[in-house]
Amino acid sequence: MKLPSLGEIEAASEIVYKSIQASPQISWPILNERAGTELWIKHENHNPTGSFKVRGGLIYVERLRERLPDCPGICCATRGNHGQSVAFAARQHGLSTTIVVPEGNSSIKNQAMRALGAELLVYGRDFDAALEYCQDIATRRGLYFVPSIDTGLIPGVATYALEFFRSVPQLDRIYVPIGLGSGICGVIAAKHALGLTTEIVGVVASNANTYQLSFAAGRAVPTNSADTIADGLAVRKPSLEALKLMEAELTTIIAVDEEEILQAIRYYFLDTHNVAEGAGAAALAAALKDETKPGQRLGVVLSGSNIDCELFCSALL
């Protein structure tokens, strides 16, 4: 995967900031006490779609429109945040959007995608099954398929990391959740563009740990299931391009279990009054779990806030 240059990320920022504002990074005293060190939270939950993904969608669809002005429509597969980002950007360009989600997908994410004008199709037991069906739909309907990870998304996604690194200099380590991989690839891109030495730690759910297994093995290791409350992390097959980049740039990938994720959701609300979805809370769970951090300045990516009411209430109990 070709990483964007600093100039390309800054050019993407100009497009992104036409539609959204830079998100804040805040160090919360009570969270710092829990962690026993200085934490800085990157609040991507404050974006219009409640997720970092909107940044990639905005730049991708903008460039798509430039290349294919007569594009008949676009489609994607998603657990919700990628779909919202694509629908949000497509609506600004007058494009129709068809989105495929798996059975049992988050009801609030489904509602949000429909509210953005997307046609929503439900297929398969998980994201990977929905993805295969979506690619078939794209072929049959003549739609442009927008993948969840692609070099065209990375300059937009990297804008959040560029903001973070420039606003909080000298981060020793940054914890980043890994779904299919666009978020962490954006962090890697911004780190390289700025010439930093910050250590990047990937985070997966224990029940959806294909990237941790693949990273350790040095090859793609698919899993049979990805059953986790962190739906944004629920993938069974890694992106080979993203995996190759992670193998070259990451020191480790940490897995957090379901209770640790629930606890992190609870801490975000109690300590900062912010709402985090499972994937959004995973990086905090890893930072609190990691025992190698005393005395360091740590970055934590709160990647999204789109959580169903029932799950959120259970996390607070």
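1. Start with where helices H3 and H7 touch. Arg55, Gly56 and Ile59 in H3 meet Gly156, Val157, Thr159, Tyr160 and Glu163 in H7; contact here means heavy atoms within 4.5 Å. By class, this contact has three nonpolar, three polar and two charged residues. For the classes, Ala, Val, Leu, Ile, Met, Phe, Trp, Tyr, Cys and Pro count as nonpolar, Asp, Glu, Lys and Arg as charged, and the others, Gly among them, as polar.

2. A quick word on what you're looking at. This is a predicted model, in which local features need pLDDT of at least 70 and side-chain atom pairs count only at pLDDT 80 or more, while totals for chains, interfaces and linings use all residues. Residues are numbered from 1 along each chain as its sequence is written, and side-chain values use heavy atoms, with hydrogens and water left out. Helices (H or I, at least four residues) and strands (E, at least two) are DSSP runs, numbered from the N terminus.

3. Now the geometry of that helix pair. Two packed helices are described by the angle between their axes and the distance between the axes. The axes of H3 and H7 come within 6 Å and cross at roughly 135 degrees. Axes are lines fitted to C-alpha atoms, for helices over the stretch in contact, and angles run from 0 to 180 degrees between N-to-C directions. H3 and H7 are therefore oblique to each other. The naming goes like this: angles under 35 degrees count as roughly parallel, over 145 as roughly antiparallel, 65 to 115 as roughly perpendicular and the rest as oblique.

4. H3 (residues 53–67) also packs against H1 (residues 6–16), at an angle of about 95 degrees and with the axes 9 Å apart. That makes H1 roughly perpendicular to H3. On the H1 side, Ala12, Ile15 and Val16 make the contact, and on the H3 side Arg55, Leu58, Ile59, Glu62 and Arg63 do. Sorted by class, you get five nonpolar, no polar and three charged residues.

5. How many of the 13 residues of H8 are buried? The count is 10, so to speak a mostly covered helix; buried means under 20% relative accessible area, exposed over 50%, and partly exposed in between (1.4 Å probe, protein chains only). Among the buried ones are Ser182, Cys185 and Lys191. The cover includes H1, H3, helix H7 (154–167), strand E7 (173–177), strand E8 (199–205) and helix H10 (240–249).

6. You can check the length of H8 (residues 182–194) yourself. At 1.5 Å a residue, its 13 residues should span 18 Å, and the end C-alpha atoms are 18 Å apart, which agrees. The expected span is 1.5 Å times one less than the number of residues.

7. Next, the open sheet: four strands in the order E5-E4-E3-E6, with parallel pairing. Two strands pair if DSSP finds at least two bridges between them. Strand E5 (119–122) and strand E6 (144–145) stand at the edges, each with a single partner strand, so one side of each is left without a neighbour in the sheet. Helix H6 (residues 127–141) packs on the sheet and touches E3, E4, E5 and E6, its direction making about 165 degrees with that of E3.

8. Ile74 stands opposite Thr97 in E4, and Cys76 has Ile99 as its bridge partner. Five of the five residues of E4 are buried, so the strand is largely enclosed by the rest of the structure. In a regular strand the side chains alternate between the two faces of the sheet. In E4, Thr97, Ile99 and Val101 point one way and Thr98 and Val100 the other.

9. Leaving out residues up to four places away in sequence, Asp271 touches Trp28, Ile30, Leu31 and Arg34. The C-alpha atoms of Asp271 and Trp28 are separated by 7.4 Å, although these residues are 243 residues apart along the chain.

10. Finally, two loop residues. Gln170 sits between H7 and E7 and has a positive phi of about 60 degrees although it is not a glycine. Gln170 is exposed, with a relative accessible area of 71%. His273 lies in the loop between H11 and helix H12 (278–289), and its phi is positive too, near 60 degrees.
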